[in-house]
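Here are my notes on the model you asked about, written as numbered points. Have the structure open while you read, and go through them in order.

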Amino acid sequence: MSEATQKLRLDKWLWHARFFKTRSLAAARVQAGAVRVNGQIVKKRATLVVAGDVLTFELGDNIRVIQIDAIGHRRGPAPEAQTLYTDLSPPPLRSEKKMSENPSFEGKGRPSKRDRRVLDLSRARHLE
């Protein structure tokens, strides 16, 4: 077979390219209608994809736009998986509304014992 005519199932390709940890997660996302192939919503996980197709799907908080460059034969290591596609996604927007993990402590390093006691007392008073 020549490279241009090779086809692979969509769920299997997403798994080979390491966008999803398991093939069943990839299949579930496709079946939910959350993946577009060349702008068309696809709900069949057995949809065949070829090199040159453009996939659009949500992954985490980001929308990924991926152009398929090659069809993988196996689920190899990450550097090998990254050769299967070109990422056309715009860079993620930095949200200024993003809160710190601990809003009470504004990233000033590790709190001292005294600071921790004050935090604990303020939380206990808040619960009363």
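**Notes on the predicted model**

1. Let me begin with a loop residue. Arg-18 counts as partly exposed, at 37% relative accessibility; buried means under 20% relative accessible area, exposed over 50%, and partly exposed in between, with a 1.4 Å probe and protein chains only. You will find Arg-18 in the loop between helix 1 and helix 2. Although Arg-18 is not a glycine, its phi is positive, at about 65°. Most residues other than glycine have a negative phi.

2. A word on the ground rules. This is a predicted model, where local features need pLDDT of at least 70 and side-chain atom pairs count only at pLDDT 80 or more, while totals for chains, interfaces and linings use all residues. Residues are numbered from 1 along each chain as its sequence is written, and side-chain values use heavy atoms, with hydrogens and water left out.

3. Asn-38 also deserves a look. Its phi is positive, near 55°, and this residue is not a glycine either. Asn-38 sits in the loop between strand 2 and strand 3 and is partly exposed, with a relative accessible area of 45%.

4. Now the overall layout. The protein has 4 helices and 7 strands, taken as DSSP runs numbered from the N terminus (helices are H or I with at least four residues, strands E with at least two). Reading from the N terminus, the order of elements is β-α-α-β-β-β-β-β-α-β-α. Of the 128 residues in the protein, 25% are buried. The protein exposes about 9600 Å², with carbon and sulfur atoms supplying 52% of that; the areas come from the Shrake-Rupley method with a 1.4 Å probe, and for residues only the protein chains shown count as cover.

5. How are the strands arranged in the open sheet? This sheet has 5 strands in the order 3-2-5-6-7, with antiparallel pairing; two strands pair if DSSP finds at least two bridges between them. Strand 3 (40-42) and strand 7 (85-87) are the edge strands, each pairing on one side only. Strand 5 and strand 6 are joined in the antiparallel sense over 6 bridges, and Leu-59 stands opposite Asn-62 in strand 6.

6. Which residues have the most contacts inside the largest nonpolar core? They are Leu-10, Trp-13, Leu-14, Phe-19, Leu-55 and Phe-57, in a core of 20 residues. Such a core is a set of buried Ala, Val, Leu, Ile, Met, Phe, Trp, Tyr and Cys residues joined through side-chain atoms within 4.5 Å. Two or more residues each come from helix 1 (10-16), helix 2, strand 2 (35-37), strand 5 (54-59) and strand 6 (62-68). Helix 1 gives the most, with 3 residues.

7. Not counting residues up to four places away in sequence, Leu-14 touches Phe-19, Phe-20, Ala-26, Val-30, Val-35, Leu-55 and Phe-57, where contact means heavy atoms within 4.5 Å. Across the protein, 41% of the contacts between residues at least 6 apart in sequence join residues at least 24 apart.

8. The aromatic rings come next. There are 5 aromatic pairs; rings of Phe, Tyr and Trp (its six-membered ring) pair if their centres lie within 6.5 Å, and planes under 30 degrees apart count as stacked, over 60 as edge-to-face and the rest as tilted. Phe-19 and Tyr-85 make a tilted pair, 4.8 Å centre to centre with 45° between the planes. Because Phe-19 lies in the loop between helix 1 and helix 2 and Tyr-85 in strand 7, this pair ties together parts that are 66 residues apart in sequence. Phe-19 is buried, at 9% relative accessible area, and so is Tyr-85, at 15%.

9. Phe-20 and Phe-57 form another tilted pair, 6.1 Å centre to centre and 40° between the planes. Phe-20 is in the loop between helix 1 and helix 2 and Phe-57 in strand 5, 37 residues apart. Phe-20 is buried at 6% relative accessible area, and Phe-57 is buried at 1%. Ring pairs link Trp-13, Phe-19, Phe-20, Phe-57 and Tyr-85 into a cluster.

10. Finally, Arg-29 in helix 2 (residues 23-31). Is Arg-29 buried or partly exposed? Arg-29 is partly exposed, with a relative accessible area of 29%. Leaving aside neighbours within four places in sequence, Arg-29 is in contact with Phe-20, Ala-34, Val-35, Glu-58 and Leu-59. The C-alpha atoms of Arg-29 and Glu-58 are separated by 9.3 Å, and the two residues are 29 apart along the chain.
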